[in-house]
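Please examine the sequence and the model below before reading this note. The points are set out for a reader who is new to structural description.

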Amino acid sequence: MRTFTRCRTKTIQAVKLATSTLQNFLYPKYCFECKCLLNSFEETLCLGCIQNLPVKKTNYNSYSDIKLRLWGRVPVKHTYSLLVLKNNSVKRIIYQFKYYNNITLGLKLSQLMAEDFKSQFHQIKSNQLFDGIIPMPIHYNKLKKRGFNQSLLIAETLSKELNIPVYKNSIIKNRNEKSQTTLNSWKRWENRKGDFEVICKDLLKNKHILIVDDIITSGASIEALYQSLLSISGFSISVCCLAISEN
Ligand SMILES: [Zn+2]
């Protein structure tokens, strides 16, 4: 019986391999970045391009660039980031996800981030762990135009991997601000004051929340979101992002 089961498993594996090889032959897939032909076990990005990503893993429970940027403005407990926006390759990949609706690429990056984040969990004490995840909200008009909230996609991938809930729509963004890229830190902050509104105050009471964003630059959005939470008792926040900009 055991020999039969072993033979059956091997046959299923061989059929799966043959099917995926045939699919690859009939419908070849190419790496988004270097355009090389992908193997059957690769998705969207080849292993070489993944290895070349400018990874700047931040340990969840140690000091980080994110904490430094938010110093004196937002009392964050813990932080995590996977990449640094250092070269054209990573900028191209993240912008494709964010502005050109490349969801597959976004899911791939989110999965890489979630797996790496989870790998740090053996060092984290249970009282350091967050209760829920809040994706950085985007305004309804932007959501309608873009079709998705990139931070929600990252948050949901993280939630599946860590088995921690996403507090979806617990905070909304009321104002659709103009592009912030040409503004300095102070003007970005002035521009974002009062942007967010907490909808589910009771849900967030006494909770440790992980705020998830795609890219952190000056931290003005995180600060504005934090300000909107100040009327809630007993909350604390940690911050996580896919990539942090260079100083
Ligand atoms: Zn590649």
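This is a predicted model: local features need pLDDT of at least 70, side-chain atom pairs count only at pLDDT 80 or more; totals for chains, interfaces and linings use all residues.

1. Residues are numbered from 1 along each chain as its sequence is written.

2. Four strands form an open sheet in the order β1-β6-β5-β2, with parallel pairing. The edge strands are β1 and β2 (132-135), each of which pairs on one side only. From one strand to the next, the twist averages 20°. Here strands (E, at least two residues) and helices (H or I, at least four) are DSSP runs, numbered from the N terminus. Two strands pair if DSSP finds at least two bridges between them.

3. The pairings may be taken in turn. β1 and β6 are joined in the parallel sense over seven bridges, and T79 has V239 in β6 as its bridge partner. Strand β5 (residues 208-216) pairs with β6, also in the parallel sense, over eight bridges; I244 in β6 is the bridge partner of I216. From β5 the chain crosses through helix α10 (residues 220-229) to β6, a right-handed β-α-β crossover. The term right-handed applies if, with the strands pointing away from the viewer, the path from the first strand over the helix to the second runs clockwise.

4. Four bridges join β2 to β5, and these strands run parallel. P135 stands opposite V212 in β5. Helix α5 (residues 103-119) packs on the sheet and touches β1 and β6, its direction making about 135° with that of β1. Contact requires C-beta atoms, placed from the backbone, within 7 Å. Axes are lines fitted to C-alpha atoms, for helices over the stretch in contact, and angles run from 0 to 180 degrees between N-to-C directions.

5. How is β6 placed relative to the rest of the structure? Strand β6 is largely enclosed, because eight of its 10 residues are buried. A residue is buried if 20 or more other C-beta atoms lie within 10 Å of its own, exposed if 12 or fewer, and partly exposed in between, with C-beta atoms placed from the backbone. Leaving out residues up to four places away in sequence, A243 touches several residues, including S81, V90 and I215.

6. W71 lies in the loop between α3 (65-70) and β1 (76-85). This residue counts as exposed because it has 11 C-beta neighbours inside 10 Å.

Definitions and conventions
Two residues are in contact if their C-beta atoms, placed from the backbone, lie within 7 Å.
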